[in-house]
Amino acid sequence: MSVHASLAAIVDDAALKATAVEQLTLSNPDLDGTDGYTIQAQSIRRRLERGERPVGLKLGLTSRAKMQQVNVNEVIVGRLTDAMQISDGGEVSIDRFIHPRIEPEIAFLLRRRLEGKVSLAEAAAAVEAVMPGLEIIDSRYIDFKFTLPDVVADNTSAAGFVLGPPSPLDRDIGNLAMTLNFNGRPVQIGSSAAILGHPLRALVEAARLAEMIGASLEAGSIVLAGAATAAVELKAGVHVTAQVSGLGRAAVTAV
């Protein structure tokens, strides 16, 4: 087994068993971002071999709040599978995670393939629908601490996502109020402008990064644009909603 495959097995097993592991870079200090994406691809391949299906991509660290929270200053991309999706208004067991956090998102559903260098107009033209969303992140590393190669290898901490009702992209989504609520009370308040200045810029980045890592954004793909606020620890008994002005809300209950 290659070094990359061995490290992919470590992060994949950690996610499967909900057991934290040491940062990969502690024992492999020469790992860089390219190594991280190679490990990510191999860990996702293991999921697909178990029967999961790819459904899209997620952007990470698209807001200053998130960069500061995890001390990584670069937009990153991870892969989504169908096993990560949680029904809007449904329940999710926290037992499947190590130390989950949740954050409000804006998500896109694509009507056509999107890849490589694209303009904002081209990105917008590829959108079938825009949705409020929630993402559950769960670093597989001890104490939720990592370097850039570590978090990339760990599929950018992707663990679960919820999509709210779809709407056509017939309005300006560049400065929508976004609120993360726990049991009806706001715990984070932000704006879609915090997502790279405009959520469509995240879609442009997704297309660029998809080409870079050899992933594909086909028609029907989902893209999570990234959180507008810092993530908040998720515990059992909490009903979470992400309210996005003009788009509605997405909800999940942790049990």
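User: Which residues does Leu24 touch, leaving aside those up to four places away in sequence?

Analyst: Heads-up: this is a predicted model, so local features need pLDDT of at least 70 and side-chain atom pairs count only at pLDDT 80 or more, while totals for chains, interfaces and linings use all residues. Residues are numbered from 1 along each chain as its sequence is written, and side-chain values use heavy atoms, with hydrogens and water left out. Taking contact as heavy atoms within 4.5 Å, Leu24 touches Leu7, Ile10, Val11, Leu31, Ile39, Tyr141, Asp150 and Ala153.

User: Is Leu24 buried or exposed?

Analyst: Leu24 sits in helix H2, residues 24–27; helices (H or I, at least four residues) and strands (E, at least two) are DSSP runs numbered from the N terminus. For burial, the cut-offs are under 20% relative accessible area for buried, over 50% for exposed and partly exposed in between, using a 1.4 Å probe and protein chains only. With a relative accessible area of 3%, Leu24 is buried.

User: How many salt bridges does a search of the whole structure find?

Analyst: A salt bridge here is a side-chain nitrogen of Lys or Arg within 4 Å of a carboxyl oxygen of Asp or Glu. Some share partners, joining Asp12, Asp13, Arg46 and Arg50 into one network. Over the whole structure, the count is eleven.

User: How many residues apart in sequence are the parts tied together by Glu128 and Arg111?

Analyst: These two form a salt bridge, with the closest N and O atoms 3.2 Å apart. Glu128 is in strand E6 (residues 127–137), whereas Arg111 is in the loop between strand E5 (101–110) and helix H5 (120–125), so the pair ties together parts whose separation in sequence is 17 residues.

User: What is the relative accessibility of Asp154, the salt-bridge partner of Arg140?

Analyst: Asp154 and Arg140 pair up with their closest N and O atoms 2.8 Å apart. They link distant parts of the chain, with Asp154 in the loop between helix H6 (148–153) and strand E7 (158–163) and Arg140 in the loop between E6 and H6, 14 residues apart. Arg140 is buried at a relative accessible area of 4%. Asp154 counts as buried too, because its relative accessibility is 3%.
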